[in-house]
Amino acid sequence: MQGSKSDLLQGTLELLILKAIALEPIHGYAIAQRIQQVSREALQVQQGSLYPALYRLEERGYVQAQWRESEQRRMAKFYSITKKGRKQLDAGCAQWERTAAAIASVLQAAE
Amino acid sequence: MRWLRPLLRRSAVEREMDAELRFHYDRMVEEFELRGLAPDEARRRARLEFGGLGQVKDDSREARVASRFEGFWRGFRMAWRALAKSPGFTAVAVVTLALGIGVNTVMFSLMDHLLLRNLPVRDPQRLVVFHGNFITPGMYRGSGRRLSFSWPKYIAFRDRSTAFSGVAARFAADGSLEYRGSTEKIAVELVTGNYFDVLGVRPALGRVFTPDDDRTEMGHPLAVLGYSYWQRRFGGDPAIIGQQVRVDGMPMTVVGVSAAGFHSVDRGHNEDVRVPMTMKNLFTPGWLGLNSWNWAWLNIVARMKPGLSPAQSQAEANVLYRQILVDEAAKLSASYARRQEFLNDRLDLLPASGGMMDKTGDQMAFVAELMAISGVVLLIACVNLAGLLLARTAGRRRELAIRLALGAGRLGVVRLLMAENLLLTFLGGGVGVLLAAAMGKPAARLLISLDAGQLIDSPLDWRVLGFGLLLAALTALAFCLAPAVQMRRMQLADVLRTESGATSSRAHVRLRKTMVMAQLAFSAWLVLGAGLFATSLSHLRAVDLGFRKEHLITFQLDPLASGYKSQETLATYRRVRETLSALPGVVAVADSDYGVLTGGINLNTLYIEGYRPPPSGAPSVRELVVSPGYLRALGMPLRAGRDFTPADLPGPNQAPRVAMVNEAFARQYFGGKNPVGRHIEWSKRIQFEIVGLVADQRYDGPAEQVYPFYYYPYEMDEPLSFYVRTSQPSEALLSTVRRALEKQAPGVPVDQLRTMDDRFDETIGDQSRIAELAIFFGVLATLLAAMGLYGVMAYTVARRTREIGLRMALGAARADVLGMVMREVATVTALGLLVGLPSGLALTRLVRAHLYGVSPVDPRPVLAAAAAVAATALVAGILPARRATRVEPMRALRWE
C-alpha cells in the first residue's frame, strides 16, 4: 500500500484530483478519501503530495478554492474545477486511455 | 494580482495553509476514532500517517508561483548569514567587484561627459552646426576651419534662410576679467544676440542676451557669466548681477548667469563669460574684419524648423548657400583657379545635439582606450570572482550535500547559491558605485585636463548610476547561472561517499584551471598593452625636439587682453625681457609670437629665390616671429650662418630684412644646399636675406612631423610666448619669474607659467596616462591571476597528497614531485600566454595609431609581457609545489 504512492505517475495524481472534484466542490481531506474509496483502497494519496498538487493546480487555474463551512460545521477550503480544468481533465482522460490501452496491448502481446 | 497576495500577506497565507492542513489532520483523527481507536492512539496514527507537517508545508509552498519570490527573501536572509560566516571571502569578493565596477563607472562617466551627453538645452536633437568643405582663409579657434564661416554668410543665413527657426553664431576668444583689483584669464565666447534663444538656454539668474543686445558695434558692454565660472570666481553671489567688471580692460555690466550644466556648444570646452558679438573688436585687435566676406571665423549653430527632416533642412540650406556662393564668386578675381571648386561647395548640417564635434577623433580614441582597459579589468575581476566562488562551493560540498540530504531540494540549494551571488554582486556594485562617486572628480582631473575636469559637476547622476547598476546586473546574471550549472553536476551520493577521487572533483579542477588560464590570458593583454604604451612613451621622450627642454621656463603674456595699448604693450615686453635677463640664474630670455608645444602657428605665402613653385601657387610656409637670442634661449643648434642680433630688429614702421630657415626648409626649397645668403620674399617690396640655418624643431610635439619653418625678428604687440633659459634646474626660479612679471606687467595674467619639462609632459599627457593606467592595471591583473593560480595549485596538491605520498614511498625524489607540480603550473601558464599574446597583439592593432615608434613586429614587448606573466605565475606556483615536496609519505598514506 505504501508503495502505490510513489508509483503514481507524475501528472496522474493531478488527473485524479480533477476527476474527484469534477462532480461537486469538496475539501482536501474529502479528495483523498474519495480517491481512496473509488479505487477501493488501491490508491492512497498522501498529504505530502496532495496539497502541493492542489496548489499547483490552483496556480495554473485548473481549480479554484473557497472557504466554506464543512459538514462538521467547521470552516474548510473547498476546491472546485474551473472551465480550464475541465478541458484539462478531458484531455488528460483521453490521453490516459490511449496510454493504458497501448500498455495493455503490449503486455498482452508479451504473454 | 493574485500572485502578489502571498508575497504581501505572507503570514495570512501561512495561516490559511496551517488551517487547511490542521483541518485535514483533525479529520484523520476523527476517522481513526470512528474506527474505534482511543483518542491518544488515533492522534498518534494520524501524525504517523500525515508525515512531517513542516515538510508538507515546505513542499506546498514550493508549489506556489509566489514562493519563488518569497523563497528569495528567505534565501537572502540565509545568504546573508552564510556570507557573514566567511567575512574574509566576502570582503575579497566585494572589493574585487567594487574595483571592477567602480573603475568602469568612472570611465563611463568620463565618456558620457566627453562624448555621449546631449547639451542641456531645449530639444537638442533639432540643433545642427554648419560644415563646409571649401577651405577659405580665416581665424580658426579650436573648432576647425571647416566649421568656420564669414559674418556676411552668417547674416545671409540668419535673414534669408527658410530651413531654420533660428540661426546663431559664436566665436571663442581669450580674455581677462578684472574684479576688485584681481585679474584672471578667462575663456570668452562672443555670441550673437539670438544665441541663447536659438539654443534654448535659460538664465539661472538675471537675464541672457536678446537680439536688442547686439545691434551697434562696440555699443553693448554686457556680460553673461557661465554658471561654473560664477560659482568659482564669485562664489555664486547673486549680488554680482548689475555690477561692473572689467573685461579686457573695458567696464562691462553683468546682466545674468546662464543655466547650470551648460558649458559650451563646443564639446569638452567651458566658456567663462559670454559677450555680444558686436564687442568683437575688443577681443580681436589684430583683425577687425567683421564684414569681409572671405574671412571665416564664426561657428554657425541653427535650430531646424519643426516638421523639417534633417535632409530637407540640408537641401533647403544648400539652395541658399548656392546663391550666396554665386554672389561671392562675382567678387573673385577673374584668374582665380579654383572658381569651380569654390562654387561647388556644399553645406553639411552636422547634428549638434551634443555640441560641435571638434577634435573628438582624438578624444574618442583616448576614451575608447580607457574604456577598453577598464573593461578588461572588469573581466578579470569577474573571472577572479568566479574562481573564488568555485573554490568556495567546492569547500562547501559537504554542507550543500547535507542540505540536499535533509530535503532542501536541488532548487532550494541552487536558489541559496544564487541569492548569495546576487547579494555579493550588489554589495560589490554598490561599493563600486560609491567608489566611483568618490573618485569621479579626482579621477577626471587626473585623466583628462583640469579644464575638462571642471565640466563634471556631479560625477554621480542617474545615467552613471544606471550604468553601474547595469554592469552589476549583468555580472550578477553571469554568476547566478553558474551555481545552476554546477549543481547539475553535483551528485549527492558522490559527495557524501567521499571527498577525494570523485570525478566531479577532477572536472572542478579542470574548470578552475581554465579560469586561471583565462585570467593569465587577460593579464597578458594588459601587460602587453602596458609594454607597448611604455615603449611608445619612452620613444616619445627620447625624440630630439630640436631644442633643449631641460632648464627652460615658458609662459605667455597678453597685455592687450588686459586693456594695454600697443605702445604700452611693446614697452612692457621690453621691460620683461630686461628684468628677466638680469635675474640671477637666468642665462637667456627670448620670445616668439606662437609657442612651442602650445598649438597654433601662422603660415605665410613665400616666394623663394631659385625655387620654381608648382602651378597651384607659391608655397605656404610656417612662420615664427622671434626676438634676437631665440636660438640661445631654446638651445637650438645653428647649422650655418649666424643668429639674429638686436641690430636685426627693424625700427618702427620698417619691414624685417633678415630671416633664418630650418633644415627641412633647405631640403625642400634649396635641394639641401646651404641657403645662407639666398633670399625669400613676401612681395617685391618686402624681402628677407637668409642669414642662418637652424636645426629642425619639432614644434608641435614629439609625435608630429618636421615642417619647413622660417624665422624673422620683429617686435610684436601681440600675445607672446616667452622662454627663459636657466643655469640650474628651473623649478626653483618659477616663483621668482612670477613675482618679476607681476611687478613689470601689472594686471596682466601670467598664462601657463611652467617648466618646459612640464609642458612637454602635458603634451604627451594622454600617452603617459594611458601607459600608467595600463601598467597599474597590468600589475593588478597579474597579481590577481597569480592568486588564482596559487589557489588552484594549492587545492590540487592538497587533493593529491595521498598520491604524492605514495609516489614518494615508491622512491620518487623530491625533485620529481616538484617537477610534477611545476609542470602543471607551466602548462597552465603556457596555455594562458598562448591564448593571450596573439589575441592581445591582435587587439593592440586597434591602438597602433596611438603608439609612437613601436614596430608591429617588434618582439620585445611581447617577450617582456610573456616573461613578466610567466615569472609571476611560476612564483605563485612554487609555493604549493614546495608544500608537495614536504609531504611525509607515512602520514600521507595514513591520511583518510
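The model is predicted, and local features need pLDDT of at least 70, side-chain atom pairs count only at pLDDT 80 or more, while totals for chains, interfaces and linings use all residues. Residues are numbered from 1 along each chain as its sequence is written, and chains are lettered from A and ligands numbered from 1 in the order in which they are written.

**Entry: the two chains.** I looked up where the chains meet, and found 15 residues of chain B in contact with 13 residues of chain A. On the side of chain B that touches chain A, the largest share, 6 residues, comes from helix 4 of chain B; helices (H or I, at least four residues) and strands (E, at least two) are DSSP runs, numbered from the N terminus.

**Entry: the sheet in chain A.** I found 3 strands forming an open sheet in the order 1-3-2, with antiparallel pairing, where two strands pair if DSSP finds at least two bridges between them. Strand 1 (26-27) and strand 2 (63-69) of chain A stand at the edges with a single partner strand each, so one side of each is left without a neighbour in the sheet. I noted that 7 bridges join strand 2 of chain A to strand 3 (residues 75-81) of chain A, and that A:Glu69 stands opposite A:Met75 in strand 3 of chain A.

**Entry: a helix pair in chain B.** Helix 25 (residues 765-799) and helix 27 (residues 814-844) of chain B pack at an angle of about 145 degrees, with their axes 11 Å apart; axes are lines fitted to C-alpha atoms, for helices over the stretch in contact, and angles run from 0 to 180 degrees between N-to-C directions. Among the residues making this contact I listed B:Leu789 of helix 25 of chain B and B:Val821 of helix 27 of chain B.

How values were computed:
Contact = placed C-beta atoms within 7 Å.
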